[in-house]
Amino acid sequence: QVQLVESGGGLVQSGGSLRLSCAASGRTFSSYPMAWFRQAPGKAREFVASISSGGGSTYYTNSVEGRFAIFRDFTKNTVHLQMNSLKPEDTAIYYCAAGAFSARVTAYDYWGQGTQVTVSS
């Protein structure tokens, strides 16, 4: 069982940066691939980025490639999403997920409660 708690969301101007954090409970953090998804109002939840259990492999959706970076801190059982050059279309609730190295929502067993990111133009 894994519990996930996101933090770091907020309001930022277009072109700005934010770092999201996802703290995971449990002793098996290092065995789980992790990911970030997002959901804008009226839209389906969509994949943003994922990272392998060891942290050596990452995968991004095309729209954030080169602007976002996902990485793990094994000393703190935390996965981060560094978001740079933010755009208004990045506005969404961002969710942390654990359990797969996949872009499919249904592949993940564990989800956080979400953190709001709002990018103003």
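**Group meeting talk: a salt-bridge network and a disulfide**

Hi everyone, let's start with E46, which is partly exposed because its relative accessibility is 37% (buried means under 20% relative accessible area, exposed over 50%, and partly exposed in between, using a 1.4 Å probe and protein chains only). Before I go on, please keep in mind that this is a predicted model, where local features need pLDDT of at least 70, side-chain atom pairs count only at pLDDT 80 or more, and totals for chains, interfaces and linings use all residues. Residues are numbered from 1 along each chain as its sequence is written, and side-chain values use heavy atoms, with hydrogens and water left out.

So, which residue does E46 form a salt bridge with? The partner is R38, and the closest N and O atoms are 2.6 Å apart. By salt bridge I mean a side-chain nitrogen of Lys or Arg within 4 Å of a carboxyl oxygen of Asp or Glu. R38 counts as buried, at 5% relative accessibility.

R38 also forms a salt bridge with D90, with 2.9 Å between the closest N and O atoms. That pair links distant parts of the chain, 52 residues apart: R38 sits in strand β4 (residues 34–39), and D90 in the loop between β8 and β9. For the labels, helices (H or I, at least four residues) and strands (E, at least two) are DSSP runs, numbered from the N terminus. D90 is buried, with a relative accessible area of 1%.

D90 has another salt bridge, to R67, at 2.8 Å between the closest N and O atoms. Here the two are 23 residues apart, with R67 in the loop between β6 (58–60) and β7. R67 is buried too, with a relative accessible area of 11%. Shared partners join R38, E46, R67 and D90 into one network, and the structure holds 3 salt bridges.

Now to the sulfurs. The structure holds 1 disulfide, meaning a pair of cysteine sulfur atoms within 2.5 Å. C22 is joined to C96, with an S to S distance of 2.1 Å. The link is left-handed, at -80 degrees about the S-S bond. C22 lies in strand β3 (residues 18–24) and C96 in strand β9 (residues 92–98), so the bond ties together parts that are 74 residues apart in sequence. Both cysteines, C22 and C96, are buried.

Last, a couple of backbone points. N77, in the loop between β7 (68–73) and β8 (78–83), has a positive phi near 50 degrees, in a residue other than glycine. S85 also has a positive phi near 50 degrees, and S85 is found in the loop between β8 and β9. Thanks, everyone!
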